[in-house]
Amino acid sequence: MDKTKKNATYLSPQSQNEFIHSLATCVKRNIIQKIQETGCCSLLMDETNDVSHIEQVSFILRYAINGEVFESFLQFTKVTKTDAERLYNCLCEALNNLSCEDKDGANMSSQYSGIKICVF
């Protein structure tokens, strides 16, 4: 610590990104702990265009604690295509980021197409 600058401000993009990453890690840990306490959750996945017309998938975790339902935003993931295979890969990546082991179901609009076929 004696060799550090006395005027450090932590305003560099690298410092800000590290700070944001640290906060995100703490929030994610907190959400995972709540989910582990409840024993179950559902993962909502929605694909849409953002303002700059980039396809992205958002992931939201839904869980209940003492009868009260909570929804926690997990992440955005950019996708180049929204075909079943790419969306399935995004889903698997999101579950792996949570260290989830079970993929019990998918509620899709079509009974025999899309991600539902990939999951089952």
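A salt bridge is counted here when a side-chain nitrogen of Lys or Arg lies within 4 Å of a carboxyl oxygen of Asp or Glu. By that rule, a search of the whole structure turns up one salt bridge. The structure is a predicted model, in which local features need pLDDT of at least 70 and side-chain atom pairs count only at pLDDT 80 or more, while totals for chains, interfaces and linings use all residues. Residues are numbered from 1 along each chain as its sequence is written, and side-chain values use heavy atoms, with hydrogens and water left out.

The salt bridge pairs Glu-71 with Arg-62, whose closest N and O atoms are 3.3 Å apart. Glu-71 is partly exposed because its relative accessibility is 48%. Arg-62, at 38%, is partly exposed as well.

Helices (H or I, at least four residues) and strands (E, at least two) are DSSP runs, numbered from the N terminus. Thr-77 belongs to strand 3, which covers residues 68-78. With a relative accessible area of 11%, Thr-77 is buried. Contact means heavy atoms within 4.5 Å; leaving aside residues up to four places away in sequence, Thr-77 touches Glu-55, Gln-56, Val-57, Phe-59 and Cys-90. The side chain of Thr-77 also makes a polar contact of 2.9 Å with that of Gln-75. Such a contact is a pair of N or O atoms within 3.5 Å; within protein, one must be able to donate a hydrogen and the other to accept it, and residues adjacent in sequence count only if both atoms are side-chain atoms.

A disulfide is a pair of cysteine sulfur atoms within 2.5 Å, and the count is zero. The cysteine sulfur closest to that of Cys-90 is in Cys-92, 9.5 Å away, so the two are too far apart for a bond. Cys-90 is buried at 8% relative accessibility, and Cys-92 is buried at 14%.

Helix 1 has 26 residues (13-38). Ile-31, Ile-32 and Ile-35 of helix 1 are buried. Among the elements covering the buried residues of helix 1 are strand 2 (55-65), strand 3 and helix 2 (84-98). After helix 1 comes Gly-39, with a positive phi near 90°.

Notes
Buried means under 20% relative accessible area, exposed over 50%, partly exposed in between (1.4 Å probe, protein chains only). The expected span of a helix is 1.5 Å times one less than its number of residues.
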